[in-house]
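My entries follow in the order I made them.

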Amino acid sequence: MKEFAYRRAADTAGAVAQLDADPRARFLAGGTNLVDLMKAGVERPERLVDIRGLPLDGVEATDDGGLRVGATVTNSDLAAHPEVRRRFPALAQAVLAGASGQLRNMATVGGNLLQRTRCGYFTDLSRPCNKREPGSGCPAIGGEHRNHAILGASEHCVAVHPSDMGVALAAFDAVVTYETARGPGEVALADFHLPVGDTPHRETALPPGALITGVTLPPAPVAARSRYRKVRERASYAFAIGSVAAALDVRDGAVRDVRLAYGAVASRPWRARAAEELLRGGPADAGSFAAAADAELAEARPLAHNGYKVTLLRNLTVAVLTELADAESTESTEGAEVR
């Protein structure tokens, strides 16, 4: 690991000023991804600016019925928060699916969104990688790519974003807030991770030196009836090979509102907007759920060894939405019996 300087930030303005003065510095919170990349030689910061002590560790309700989550809230605290579990259960489930207990105790909300791909070629300095060295190539396309992208990729990169939390946030229209030396800003999570294109090394829309200060979840009544389902190659802690965050509101057998997002299929959490549009106003049944998934996955471009993800995501979509529809039907029936 390359030697580095260490500074502890006293306040947000001071933290931002340090990165503004030294573009080679990095913010440090939980460090569960950054430190690993430093050990591998992928990240080589000159200085780490520790932000763990900043007052960005709260979860609070907004006046309009949403939630505001601070950037340094740990994954464990986020998943355990009663308002998160009540208003956005899929978010709590996604966080709990995302790592071991020890990692969740350290990892933070801001760091989770900024974590980098686990593609083996990215972390292997002996191999080329366009994310690590622009223009060097993407060996995953013709190599090991069973867990790589089927949506939104390019000939320059087929890596996937590893976040579980981000998939649930994408489903619920989260907004990322940040601070720079020139003032505050915000960006919708849908626009936070950049399309791969021909610049896969440019991963987020954050301005240089920006510090994520939090994530805001707007009010979404449908989110109270939501689930997150993750498929992985082993039952213990592992990254997803496919995941779904879904919320469903059914009235008289028809879909009144729906939210759907996919994980482990693209370089960013993938909001399934085509599927949502097809589902709204239609019947809440397995046939409609399958047709919606097919519409979303029509643009999939699998590689030689990851075409299974298309079938996996289709089946996962149908299963999760059917469970939500059945649960809502049961609640309605029980409510009618009580009355």
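I looked up D252 and found this residue in the loop between β10 (242–251) and β11 (254–263); strands here are DSSP runs of E with at least two residues, helices are runs of H or I with at least four, and both are numbered from the N terminus. Phi of D252 is near 55 degrees, a positive value in a residue other than glycine. D252 counts as exposed because its relative accessible area is 77%; buried means under 20%, exposed over 50% and partly exposed in between, with a 1.4 Å probe and protein chains only.

I note that this is a predicted model, in which local features need pLDDT of at least 70, side-chain atom pairs count only at pLDDT 80 or more, and totals for chains, interfaces and linings use all residues. Residues are numbered from 1 along each chain as its sequence is written, and side-chain values use heavy atoms, with hydrogens and water left out.

Next I checked D173, in the loop between α9 (165–171) and β6 (175–180). Its phi is near 60 degrees, again positive in a residue other than glycine. D173 is partly exposed, at 31% relative accessible area.

I took a salt bridge as a side-chain nitrogen of Lys or Arg within 4 Å of a carboxyl oxygen of Asp or Glu. By this rule the count is 25. A network of them links D173, D257, R259, R271, R273, E276 and R280.

The side chains of E276 and R271 meet at 2.7 Å, N to O. E276 also bridges to R280, with the closest N and O atoms 3.6 Å apart. E276 is buried at 2% relative accessible area, and R271 is buried at 12%, whereas R280 is partly exposed at 36%.

I logged one further bridge, E60 to R68, with 3.0 Å between the closest N and O atoms. E60 is partly exposed at 42%, and R68 is partly exposed at 38%.

How far apart in space are S100 and R280, C-alpha to C-alpha? I read 36 Å for this pair, which is 180 residues apart in sequence. S100 sits in the loop between α5 (89–97) and α6 (101–106).

On a 1 Å grid over the protein atoms alone, a cavity is a set of points where a 1.4 Å probe fits but cannot get out; a pocket is an open set with protein on both sides within 12 Å along at least five of seven lines, and lining residues have an atom within 4 Å of a point. Grid points are joined across faces, edges and corners, and a volume is the space filled by probe spheres set on the points.

I found two cavities of 30 Å³ or more. The largest cavity holds about 70 Å³. Its lining has 14 residues, of which C119, C129, C138, C157 and A159 lie nearest the centre.

The second largest cavity holds about 30 Å³. V69, L78, L91, V109, M165, L169, V215 and L217 line this cavity, and α9 and β8 (211–217) each supply at least two of the lining residues.

Last, I recorded the second largest pocket, at about 440 Å³. Its lining has 24 residues, with R118, N147, H148, F239 and A240 nearest the centre.
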